[in-house]
Amino acid sequence: MEKLKNPKQQEWSSLTERPRMENDSLNAVVSDILNTVRREKDAALIQYAWQFDQTRLESLIVSKNEIQEAVNQVSDELKAAIQLARKNIETFHTSQRLDEEKIETTPV
């Protein structure tokens, strides 16, 4: 990762651009990953953890202690922001849900 200190304002736009990837290429990569996980299950996830994050996993199970340690590392302010985002996302998507009336013409 390249660290920049005090970049010029005219560079800000280019520095904050998201990396771009062709959709076809991205779809092929994602499809390959999903197929590998379907076939190889946990072994594929452990391999991908190393490939993408350089993290060696012995197991995919997270202990209660590990969860509590992680919870303790997150500030109350961030927890509140995450809960607010969750509520906003649920509200938005709930409003898009179609309530279809179910009609039974013949009892099953």
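Is Arg86 buried, partly exposed or exposed? I looked it up: Arg86 is partly exposed, at 48% relative accessible area (buried means under 20%, exposed over 50%, partly exposed in between, with a 1.4 Å probe and protein chains only).

Ground rules first. I'm working with a predicted model, where local features need pLDDT of at least 70, side-chain atom pairs count only at pLDDT 80 or more, and totals for chains, interfaces and linings use all residues. Residues are numbered from 1 along each chain as its sequence is written, and side-chain values use heavy atoms, with hydrogens and water left out.

Next, salt bridges (a side-chain nitrogen of Lys or Arg within 4 Å of a carboxyl oxygen of Asp or Glu). My search of the whole structure gave two. Arg86 pairs with Glu90, with the closest N and O atoms 3.4 Å apart. Both sit in helix H5 (residues 76-96), four residues apart, about one turn (helices are DSSP runs of H or I, at least four residues, numbered from the N terminus). Glu90 is partly exposed too, at 39%.

Arg39 and Glu40 make the other bridge, 3.9 Å from N to O. Arg39 is exposed at 57%, while Glu40 is partly exposed at 43%.

Then I checked rings. Phe, Tyr and Trp (its six-membered ring) pair if their centres lie within 6.5 Å; planes under 30 degrees apart are stacked, over 60 edge-to-face, the rest tilted. I found one aromatic pair: Tyr48 and Phe52, stacked, 5.6 Å centre to centre and 15 degrees between the planes. They are four residues apart in helix H3 (residues 42-53), so about one helical turn separates them. Tyr48 is buried at 11%; Phe52 is partly exposed at 49%.

Definitions and conventions: Helices (H or I, at least four residues) and strands (E, at least two) are DSSP runs, numbered from the N terminus.
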